[in-house]
Amino acid sequence: MKIVTELAELRVARRALDGSVGLVPTMGYLHAGHLSLVERAKRENDHVIATIYVNPTQFEPDADLDSYPRDLERDFQLLRDAGVAIVWTPNDQVMYPAGYQTWVEVTEITQLLEGAQRPGHFKGVTTIVTKLFNGAQPDRAYFGQKDAQQVAVISQMTRDLMLPIDIVICPLVREADGLAMSSRNAYLTPSQRQAAPILGHSLSAAIEQLENGERNAAALQQHILQILRSEPLTDPEYVSIAHPDTLLELETVADAALLSMAVRIGKTRLIDNMIWRANENDL
Ligand code: AMP
């Protein structure tokens, strides 16, 4: 496995790869969710390039950029064991050298949900993902459904800019107790960690209501909030019942809904989501 930082080194290593390439962008501190993306990329391509970069432009001021968990040596070992060909770990000098002034922006679906709570976040994401695409030049790129709006935004950007890359969306991986895996779970104290699965449980409860015929979005939202509030450590930021493609809030659920939330537990901001479809065979 080649570990490269500079763009020129990446270009040389990339050119040496024959056949198809799958890209897995990450911010590191890897867990089984990340590794599920790597495994899928490995199955579907001749080679896998993974990137590890904590992109400052997608963090708001005062967010957790400086404290974001990092363990590069462990990450390298996991990626080596998973059969990754190249790991690209650019730094801020590589990505945003002095004089940097170009941005990629998706204008509409970025204003909703996470975008409404985190102004500028998706502009940072779409800019860095474009740069990772241009550096790695993959055939396919793998993203997790954990970040539901991110996959919608990146799919939109890829279509709009005619980028010659297939976006592959991978299922959300959970801990045994239902907590969505996230590098940020490392921030949780033991009692917060014990409380955190309530996010997934509240979503499952709403899915069950949908299965039982409930279609009123406000009722579903209230049900989720009621469950979240039964746990004193949770502080819900938003709970959304939206259309999975447009991300617009629904009044009445028709054949599909994206149930999503951001919840603070102490200082830690966790997100979670589930998609419900009337016909499970629909994509
Ligand atoms: P991050 O390092 O948090 O930026 O995540 C890198 C990629 O891994 C993104 O495409 C995430 O959506 C994906 N990912 C993170 N957590 C999970 C999870 N629990 N299940 C599936 N994919 C995930």
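The paragraphs below take up the domains, then the cavity.

This is a predicted model, in which local features need pLDDT of at least 70, side-chain atom pairs count only at pLDDT 80 or more, and totals for chains, interfaces and linings use all residues. Residues are numbered from 1 along each chain as its sequence is written, and side-chain values use heavy atoms, with hydrogens and water left out.

The domain assignment gives domain 1 (2-170) and domain 2 (183-276), with bounds that come from an automatic or database assignment. Their contact takes 21 residues from domain 1 and 18 residues from domain 2, where contact means heavy atoms within 4.5 Å. Taken over C-alpha atoms, the centres of the two domains are separated by 26 Å. Between them, domain 1 and domain 2 bury about 1,600 Å², 55% of it on carbon and sulfur atoms; buried area is the accessible area (1.4 Å probe) lost by two parts on being put together, summed over both.

There are 2 salt bridges between domain 1 and domain 2, a salt bridge being a side-chain nitrogen of Lys or Arg within 4 Å of a carboxyl oxygen of Asp or Glu. Arg184 forms a salt bridge with Asp64, and the closest N and O atoms are 2.8 Å apart.

The structure also holds 1 cavity of 30 Å³ or more. A cavity here is a set of points, on a 1 Å grid over the protein atoms alone, where a 1.4 Å probe fits but cannot get out; lining residues have an atom within 4 Å of a point. The largest cavity has a volume of about 50 Å³, volume being the space filled by probe spheres set on the points. Its lining includes Lys146, Ser182, Asn185 and Asp272.

Conventions: On a 1 Å grid over the protein atoms alone, a cavity is a set of points where a 1.4 Å probe fits but cannot get out, and a pocket is an open set with protein on both sides within 12 Å along at least five of seven lines; lining residues have an atom within 4 Å of a point.
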